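Work through the exercises below with the model open. Each task is followed by a solution in steps.

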Amino acid sequence: MSDWKPRTRAVHSGIRRSQYNEVSEAIFLTQGFVYDSAEAAEARFIDAGPDEFIYARYGNPTVRMFEDRIAALEGAEDAFATASGMAAVNGALTSMLKTGDHVVSARALFGSCLYILEEVLTRYGVEVTFVDGTDLDQWGAAIRPDTKAVFFESISNPTLEVVDIKAISDLAHMVGATVIVDNVFATPVFSRAFELGADVVVYSATKHIDGQGRALGGVILGTQDFIRKTVEPYMKHTGGSLSPFTAWMLLKGLETIDLRVRAQAQSAATLAAKLEGNDKLSRVLYPHLSSHPQFDLAKAQMQAGGTVLSIDVKGGQAAAFKVLNALKIFTISNNLGDAKSIVTHPTTTTHQRLPDDQKQHLGITPGLIRISVGLEDIDDLLKDINHALDVI
Ligand SMILES: *Cc1c(COP(=O)(O)O)cnc(C)c1O
């Protein structure tokens with residue numbers, strides 16, 4: 001099994017068959033499990049074996065299959081599945097931090113991640129230093145001998161800056177800090193985060209892992225020691241566990257993730273290349289475009305450029321809204337990684353609450369549109385977007 005390639009692992013790893021030997025993974029829609037005797041119950045509470053379950057908040061066979069499969073795919077020792085991506089981010093950080101600890105974080109973060117680092121952790125006496133994620137000098141200056149963890153998104157949203165996992169891991173490991181990477185935009189298909197030095201990787205499974213817009217989910221990946229001794233006690237007692245039904249959907253998502261994400265990334269790369277130079281646009285941002293400021297790093301760190309690109313429409317918000325409203329295939333929403341292509345206007349939606357000076361600093365301009373490329377025919381997508389750009 002350990003010599004299986006990722007695509008094989010994504011289909012077969014983690015399977016636990018019941019006495020019926022079903023082909024497709026069973027959904028164990030049960031909150032709990034029956035013990036053969038009072039003594040057996042006592043023994044299980046003292047030390048549950050790998051195939052022994054107690055209560056679905058602690059673990060469930062369908063959920064465990066998902067955890068084992070994503071861990072195998074990512075090359076991690078173990079994983080804990082969570083009710084959403086945010087439960088994963090919160091669980092990874094809060095389970096390991098205490099009052100007085102110091103954390104260094106990139107500033108360009110998904111809004112809810114920023115809330116946890118800026119509002120929640122600091123309320124409990126954790127000191128957080130924010131840096132520009134792409135500036136290694138700032139990381140070097142901010143990481144101190146007592147820094148306990150560093151946190152960043154490996155590709156930032158929505159401007160698709162690439163953060164150097166290896167260089168930051170090297171800096172963090174010099175002081176023994178834990179490197180926690182939110183790896184959503186890199187996807188489990190193109191990720192090399194553990195290989196590059198990450199200690200903990202978190203995903204919102206809502207994005208590419210489900211990939212069909214059906215469910216919320218998340219996962220924390222790391223060493224068995226970190227997952228079972230630090231994360232699991234925190235998660236199982238605070239209630240952020242994944243439901244077995246959702247775990248089953250995510251297992252099915254993993255079976256097709258490689259094909260889906262590669263096809264989506266190929267279309268995203270084609271769209272980016274065809275849109276670059278369009279006179280209605282001032283910028284096209286995509287990590288594997290040679291014009292991307294960190295093209296070399298993006299090539300080294302990711303097998304492909306991902307499924308998301310951003311474009312900056314000349315004429316600001318009014319022009320961007322015209323484009324959004326003229327699109328027929330791309331739907332206006334805020335998910336990403338979905339089979340359906342989705343467009344988002346970050347300035348007025350996902351990043352609405354950021355102060356103007358920070359938006360400007362992060363390059364979140366009024367003309368910026370984030371495009372998550374789906375599985376539709378690339379010719380139709382190109383026609384749709386070219387038609388929408390023609391209206392301005
Ligand atoms: C969506 C997202 C999250 C949060 O995930 P949910 O499943 O919505 O809770 C966290 N980080 C990044 C980068 C995301 O894109």
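A molecule sits in a cavity or pocket if more than half of its atoms lie within 2 Å of its grid points. The model is predicted.

**Exercise 1.** Find where the ligand sits and state how much of its accessible area the protein covers.

*Solution.* 
Step 1. By the criterion above, the ligand sits in the largest pocket.
Step 2. Check the polar contacts, for which the cut-off is 3.5 Å between N or O atoms. A side-chain N or O atom of Thr206 lies 2.6 Å from an oxygen atom of the ligand.
Step 3. Turn to the backbone. Gly85 places a backbone N or O atom 2.9 Å from a ligand oxygen, and a polar backbone atom of Met86 is 2.9 Å from an oxygen atom of the ligand.
Step 4. On its own the ligand has 380 Å² of accessible area, and the protein covers 92% of it.

**Exercise 2.** Describe the residues around the ligand: which come nearest, and how do they divide by type?

*Solution.* 
Step 1. There are 14 residues around the ligand, and Gly85, Asp182, Ser204, Thr206 and Lys207 come nearest.
Step 2. Sorted by type, the shell holds 6 nonpolar, 5 polar and 3 charged residues.

How values were computed:
Residues numbered from 1 in each chain as written. Predicted model: local features only at pLDDT ≥ 70, side-chain atom pairs only at ≥ 80, totals over all residues. Heavy atoms only, no water. Near = heavy atom within 4 Å. Polar contact = N/O pair within 3.5 Å; in protein donor to acceptor, adjacent residues only side chain to side chain. Areas by Shrake-Rupley, 256 points an atom, 1.4 Å probe, with all protein chains shown as cover. 1 Å grid on protein atoms, 1.4 Å probe; cavity = no way out; pocket = protein on both sides within 12 Å on 5 of 7 lines; lining within 4 Å. Nonpolar A, V, L, I, M, F, W, Y, C, P; charged D, E, K, R; others polar.
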